[in-house]
Amino acid sequence: MGWRQTTSALSKEEQAALLEELLQSGLLLEEDRLLYSMLMPDRVKRMQEVLDLRTNHITILTEGVDDPHNQSAVLRSADAFGVQTLHVVEGRAKFKPNSIIAKSADRWVDVVEHRSIEDAIDRLKADGYQVLATALSEEAVPLEDIDVSKPTVLLFGNEHHGVSDQALAKADGNYVIPMQGYVQSLNISVAAAISLYDVTTRARHVVTEGYGLKVEDKQRILKNWMVKSLPKRSLGVYKQKGLSAFERETGKSE
């Protein structure tokens, strides 16, 4: 989504059809026409295409992942495999991903921070998720045996200490990525990428309803993406002419 255009590749008819489709589907509200008009239609169309493939059926929870490179890589994998939300419990370091390494995925993936691992797991379970931790144990199931028909959280722990005992006690189970070599563990960013590829690929074929995002979530995310995509000059105009909408979206008044 980083390209710059001066003219749209879409015809006038295609632009009109896109706007009508966004309004009719509820992805774009009438009050946000100003925001829409300040972006190239091609860019908004690309956002719509990406949103259609997004999911919160699968999500990630990280516990005490301190390395900004790993934080960034997990975000990038979440975006690459269509996972919209990343849940975070900070460790010794703040959650501050490197945007260059993340390839700006931090702009497109929602990050939800939790006060503690207990609070995070309790909230996710209350939302209907099964929480599965990456951990070597006799009870651990192979990655490919995870039941992806259920809303699923993949829990990854600290780079050096893994998932905490508190998290393991609250999780619904453990899983492992089967390996054929001498090495029995992977870097968290690699493990997350492999896990997400497997579970999202299978879930897309297994879950007939509820895999994609709800319309109201798509509307919120699309608006957020459009605000983040405005050039600085246009953002200033939007603040002046659509200030109330800007405040609702960003929580900022200036």
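Colleague: Which residues of α3 are buried?
Modeller: The buried residues of α3 are Pro41, Asp42, Arg43, Val44, Met47, Gln48, Val50 and Leu51, where buried means under 20% relative accessible area, exposed means over 50%, and partly exposed lies in between, with a 1.4 Å probe and protein chains only. This is a predicted model, in which local features need pLDDT of at least 70 and side-chain atom pairs count only at pLDDT 80 or more, while totals for chains, interfaces and linings use all residues. Residues are numbered from 1 along each chain as its sequence is written, and side-chain values use heavy atoms, with hydrogens and water left out.

Colleague: Why is α3 described as largely enclosed?
Modeller: Eight of the eleven residues of helix α3, which covers residues 41-51, are buried, so the rest of the structure largely encloses this helix.

Colleague: And what covers those buried residues?
Modeller: The cover includes α1 (12-25), α2 (33-37) and α10 (215-229), and contact here means heavy atoms within 4.5 Å.

Colleague: Stepping back, how many helices and strands are there in the chain?
Modeller: The chain has twelve helices and seven strands, taken as DSSP runs numbered from the N terminus, with helices being H or I of at least four residues and strands being E of at least two. The radius of gyration is 20 Å, close to the 18 Å that the globule rule gives for 254 residues, so the chain is as compact as a globular protein of that length; the radius is taken over C-alpha atoms, and the rule is 2.2 Å times the number of residues to the power 0.38.

Colleague: What share of the chain is buried?
Modeller: Buried residues make up 45% of the 254 residues. Among contacts between residues at least 6 apart in sequence, 77% join residues at least 24 apart.

Colleague: New topic: where is Ser116, and is Ser116 buried or exposed?
Modeller: Ser116 sits in the loop between β3 (110-114) and α7 (117-126), and with a relative accessibility of 19% this residue counts as buried. A polar atom of the Ser116 side chain lies 3.1 Å from the backbone nitrogen of Asp119.

Colleague: What about the phi of Ser104?
Modeller: Phi of Ser104 is near 65 degrees, which is a positive value in a residue other than glycine. As background, most residues other than glycine have a negative phi. Ser104 belongs to the loop between α5 (99-102) and α6 (105-108), and at 24% relative accessibility Ser104 counts as partly exposed.

Technical notes
Polar contact = N/O pair within 3.5 Å; in protein donor to acceptor, adjacent residues only side chain to side chain.
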